[in-house]
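Subject: Structure for your review

Dear colleague,

Please find the sequence and the structure below. My notes on what was found follow directly after them.

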Amino acid sequence: MRLKKEKGIIVAFDMEDTEFALELARDLRGARGNFVIKVGRPLEMRAGIGILAQIKDASELPIIYDGKIADIPYISQRIASSAYDAGADAVILHGFVGSDVVKAVKTLGKGDVIAVVEMTHPGSDEFIQPAAERIAMMVARTGLEGVVLPATKPERVKNLARIVQRENAYIYIIAPGIKTQGASPGDAIVNGADYEVVGRAIYNAEEPKLAAETIYSEVMDIADAMRTGGDAMKVANAYAARIKELGIEFDYIHGVAYKGIPLAALVAMRLSEWEINKRWGYDRKEEKRYGEEGAIVGELRDGDTVLIVDDVITTGATKVESWLKLASMRRDVKSAGILVAVDREEMSDADKKMLARYHLSLYSILKITEIFEFLHNREIDGKVYVDDGMMHDFKQYFRQYVPETQC
Ligand code: 3DU
């Protein structure tokens, strides 16, 4: 079973409890979303390499053996060969060991080969990052099926994805570092990754299957809704209509990186068609030291009233961060509030107080409960997206994770 080049979640199985691993594998078999399982060394060392076949049988999903192989060609090839024989559909090796190792594993021809190009941890900047562009080029030229790039460094994902895909358009990109290591679901995918890797945020969750499905839906949200020009226009229409309906007054519309960026552009454009012609801009994630100044792109002026747009709101922390940046750039900047497509209704009282402290009123087009109620047992294009089972899971999730005051 080869991995397809498509969007999905790779669930990292780094737990040490074999029984729990098999239980989660069984659960993922029927989970809603596109999932792959990656077995790491902590589990393999406890359970033995036979765990690969057991997990594959239980889940019926593609299995990656993440041995992060980094030895001489002869030994690397033997490790990879054992993993394929044990049921792995793909193996992960380190790219920094060089092209002879990469080729030795590739010539086995027993399954996909995925190479680590750059890593998420700070130490990766010491030796690996300076060589990452060259590693990327080498692994893509060798014809490997996949590469690993760090989701915690979106600019690096963007640059390195461009390099590998210039050499090989079919190569898939997998990006770890989601949630526990700080990246948000979707950050890597909007920058060119195909799969995002999630470990602890799933297997340490109270309900791992539900956590996997929730993260999958977060990854797929607005990027998916805006896949074509026509769809993007519908989304922009909905934002612009809501702004008019609420009568929000503002001078400048700001898109929070990353998903807010196209939104700010599209909404500003749509509003201009209704003679509401405003300045707009967006976050620059990495500060530029020349040319256009610093942290944003766009013309923010002293005294501006700013409307912030983004796709969803969970805790509001990224919106506050964006606002503080804008407020520190110009004098007397005022807030017109935040407009999102979906309020996930997960904000705690402390989160709400934080928004109130900065006078950031929250507006949304839809609330998550409204979406589920609308979709419940409703057939759309021949498909029911929210059946009774899913509604039950959603309510359970809501009861468990959403602060009391909102239930
Ligand atoms: O942080 P998490 O628990 O979601 O696990 C991340 C997984 O991705 C874990 O299996 C780790 O070995 C792998 N990984 C990185 O975290 C960072 C890298 O640069 C490469 C792989």
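Two strands are taken to pair if DSSP finds at least two bridges between them. The strands themselves (E, at least two residues) and the helices (H or I, at least four) are DSSP runs, numbered from the N terminus. Please note that this is a predicted model, in which local features need pLDDT of at least 70 and side-chain atom pairs count only at pLDDT 80 or more, whereas totals for chains, interfaces and linings use all residues. Residues are numbered from 1 along each chain as its sequence is written, and side-chain values use heavy atoms, with hydrogens and water left out.

The barrel

With parallel pairing, 8 strands form a closed barrel in the order β1-β2-β3-β4-β5-β6-β7-β8. Neighbouring strands of this sheet are turned against each other by 25 degrees on average, direction ignored; axes here are lines fitted to C-alpha atoms, and angles between N-to-C directions run from 0 to 180 degrees. As one example, β1 (residues 8-13) and β2 (residues 35-40) run parallel and are joined by 5 bridges. V11 has I37 in β2 as its bridge partner.

The ligand

A backbone N or O atom of R200 is 2.7 Å from an oxygen atom of the ligand, and a polar backbone atom of T120 is 2.9 Å from a ligand oxygen. For K68, an N or O atom of the side chain lies 3.2 Å from an oxygen atom of the ligand. The ligand taken alone exposes 460 Å², and the protein buries 89% of that, with accessible areas from the Shrake-Rupley method and a 1.4 Å probe.

The protein as a whole

The secondary structure comes to 16 helices and 16 strands. The C-alpha atoms fill a box of roughly 65 × 55 × 40 Å along the principal axes.

Two loop residues

E60, in the loop between α3 (51-59) and β3, has a positive phi of about 55 degrees although it is not a glycine. N377 also has a positive phi of about 55 degrees without being a glycine, and lies in the loop between α15 (368-375) and β15 (379-380).

With kind regards

Notes. A polar contact is a pair of N or O atoms within 3.5 Å; within protein, one must be able to donate a hydrogen and the other to accept it, and residues adjacent in sequence count only if both atoms are side-chain atoms.
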